[in-house]
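Trainee: I would like to go through this model and test each label against its criterion.
Mentor: Good. Ask, and I will set the value beside the cut-off.

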Number of protein chains: 2
Amino acid sequence: MTVAGVKTPEVYVDGVLFQLLDNELTVLLTQRTRSPFKGQWALPGGPDPIKQTTYQAMSHWVKEKTGVKVDKLGFIEQLYSFDTVVGNPDGPAISVVYMGAGRDIIPKATPITRNSQFFPVSSLPELAFDHNEIIRYAHDRLRAKLSYTNAVFAMIPKLFTLSQLQSAYEAVLGEKLDKRNFRKKFLSLGLVHPTGELHMEGAHRPARLYKFNEQTLEYLSRSFD
Amino acid sequence: MTVAGVKTPEVYVDGVLFQLLDNELTVLLTQRTRSPFKGQWALPGGPDPIKQTTYQAMSHWVKEKTGVKVDKLGFIEQLYSFDTVVGNPDGPAISVVYMGAGRDIIPKATPITRNSQFFPVSSLPELAFDHNEIIRYAHDRLRAKLSYTNAVFAMIPKLFTLSQLQSAYEAVLGEKLDKRNFRKKFLSLGLVHPTGELHMEGAHRPARLYKFNEQTLEYLSRSFD
DNA sequence: ACAAAAGTGTTAAGAATACACCCATGT
DNA sequence: ACATGGGTGTATTCTTAACACTTTTGT
């Protein structure tokens, strides 16, 4: 657009959506169907049409390219706006990137993309644009915000065992935690409470099922950055 | 601009620049010379011309409107990108906002603005657009990042007394801190070291002058959000 | 001598860490 | 009976918080 005689850059939006699969942190990618980077994997996104907020535009493109509904995620926030410098033949642009996390996300085949799937963040292919870097940045931020947002709870079932909660933490942080200390801390924080139900599975003692205290959610999501 | 037949919003950039004056946190504002909000105070900024990064554009407009050179600040980072919804007759837009902090900043009269000055954040006038809200957001973030960035050090002299450091903290946090605990913690962190010089001023015991350990700066500025 | 800010230590409470064994279940 | 993951407690260290008096200077 042109403002007071000044041409401003194009605006793109992208989403970095995380999910846990097999106790591994994964990120949603989609295969590009056109140049540049045709055939390569990339974050879902597209140009930001006017008459929508950047959030709505991101939501639209993620749905369009991967079939995933962003509104159903439990955690989503703006990550950063990147100046796009390389590989964009359409001219200068900025990309407003959102980051989110959810569970049970199944990408669906859509008309305008070849393919979409979740890749483990620890072994990503070489992606289009600077998307490898963006994902690294998002992962760093997710790691940093785990302890004071509801992000983990968005990635595990509504009813969960403390072991599930712990392994979600471990998957995001990339390190093992001490079981007793983890449980002690979480229970003392008062963020979760036992439901009385049990999770029976496998040849071992059943696990108590817990629930996240939604009341504390508001406080937690009043987060900066 | 138009991408694949899609018109994208205009891009604006703004800067939220903090400085301490009389042990009070203040923010740089400039008086608007044209509609909308003509005559009202606002954050310095303007449209983002292509061929510049958003940082460069913000730097340009801050200089143009207030005479302040952003590159001389000790702390600057991207704050957030806001969807501009109201009061913009030129159509939909997004505003990429940067936040910074410095010392001894003197706004200069410039041709394209009536006036620029620092206002205490605790008593701001009603500003143009949603700038009051943006400053509140920036202040929250600055507060949160004080303890793990070099932001405070950007706001005090290179050689400083521990009392100056403490009152900078207090000005940003908006609360009094315990002198002994503050000093103990800072000295044990190893972020600062005494220079041996003394600061003589007033009818009281002279104060030791300290310096920030620049080595630790890199680690500190590897910050998220 | 007094006013004004600089400087200094100890104690108590709470948080973080390290660490090893018994429990309930399915096969 | 055994394999599997669920569940539990204590001692130690480190961090945080609360709190009041002496020192050095200028006037």
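Trainee: Where does B:Asp22 lie?
Mentor: B:Asp22 sits in the loop between β3 (10-21) and β4 of chain B. Keep in mind that this is a predicted model.

Trainee: What makes the phi of B:Asp22 worth a remark?
Mentor: The phi of B:Asp22 is positive, about 55°, although the residue is not a glycine. Most residues other than glycine have a negative phi.

Trainee: Why is B:Asp22 called exposed?
Mentor: Count the neighbours. B:Asp22 has 7 other C-beta atoms within 10 Å. The label exposed applies at 12 or fewer. So B:Asp22 is exposed.

Trainee: Which value of phi does B:Phe37 have?
Mentor: Phi of B:Phe37 is near 65°, a positive value in a residue other than glycine. B:Phe37 is in the loop between β4 and β5 of chain B.

Trainee: Why is B:Phe37 called partly exposed?
Mentor: B:Phe37 has 16 other C-beta atoms within 10 Å. Exposed needs 12 or fewer, and buried needs 20 or more. The count for B:Phe37 falls in between, so the residue is partly exposed.

Trainee: What joins A:Ser35 and A:Pro36 in chain A?
Mentor: A cis peptide bond, with omega about -5°. A:Pro36 is in the loop between β4 (24-31) and β5 (41-42) of chain A. As background, most peptide bonds are trans.

Trainee: Now the helices. Why are α4(A) and α5(A) called roughly perpendicular?
Mentor: Take the crossing angle. The axes of α4 (residues 162-173) and α5 (residues 179-189) of chain A cross at roughly 105° and come within 11 Å. Roughly perpendicular covers 65 to 115 degrees. The angle is inside that range, so the label holds for α4(A) and α5(A).

Trainee: Which residues make that contact in chain A?
Mentor: From α4(A), A:Leu162, A:Leu165 and A:Gln166. From α5(A), A:Lys179, A:Phe182, A:Arg183 and A:Phe186. By class, the contact of α4(A) with α5(A) has four nonpolar, one polar and two charged residues.

Trainee: How do you know that α4(B) is roughly perpendicular to α5(B)?
Mentor: By the angle again. The axes of α4(B) and α5(B) cross at roughly 105° and come within 11 Å. That makes the two helices of chain B roughly perpendicular. In this contact, B:Leu162, B:Leu165 and B:Gln166 of α4(B) meet B:Lys179, B:Phe182, B:Arg183 and B:Phe186 of α5(B). Four of these residues are nonpolar, one is polar and two are charged.

Trainee: Which elements supply the surface near DNA strand C?
Mentor: α5 of chain A, with α4 (162-173), α5 (179-189) and β11 (207-212) of chain B, each give at least two residues. In total, 23 residues surround DNA strand C. The closest are A:Ala203, B:Ser163, B:Arg180, B:His204 and B:Arg208.

Trainee: How many residues of each class does that surface have?
Mentor: The surface near DNA strand C has 10 charged, seven polar and six nonpolar residues.

Trainee: What makes the relation of chain A to chain B that of a two-fold axis?
Mentor: Look at the superposition. A rotation of 180° places chain A on chain B, with 0.0 Å of shift along the axis and an RMSD of 0.0 Å. That is the relation of a two-fold axis.

Trainee: How do you know that the copies meet through the same surface?
Mentor: 100% of the interface residues of chain A are also interface residues in chain B, so the surface is the same. Across the interface, 30 residues of chain A are in contact with 30 residues of chain B. On the chain A side, β2 (6-7), β3 (10-21), β7 (75-84), β8 (93-102) and α2 (131-145) each give two or more. The largest share, four residues, comes from β7(A). By class, this side of chain A has 15 nonpolar, six polar and nine charged residues.

Trainee: How many helices and strands does chain A have?
Mentor: Chain A has six helices and 11 strands. Buried residues make up 36% of its 225 residues.

Note on methods:
Residues are numbered from 1 along each chain as its sequence is written. Chains are lettered from A and ligands numbered from 1 in the order in which they are written. This is a predicted model: local features need pLDDT of at least 70, side-chain atom pairs count only at pLDDT 80 or more; totals for chains, interfaces and linings use all residues. Axes are lines fitted to C-alpha atoms, for helices over the stretch in contact, and angles run from 0 to 180 degrees between N-to-C directions. Angles under 35 degrees count as roughly parallel, over 145 as roughly antiparallel, 65 to 115 as roughly perpendicular and the rest as oblique. Two residues are in contact if their C-beta atoms, placed from the backbone, lie within 7 Å. Ala, Val, Leu, Ile, Met, Phe, Trp, Tyr, Cys and Pro count as nonpolar, Asp, Glu, Lys and Arg as charged, and the others, Gly among them, as polar. A residue is near a molecule or strand if its C-beta atom, placed from the backbone, lies within 6 Å of it. Copies are superposed by least squares on the C-alpha atoms of residues with pLDDT of at least 70 in both.
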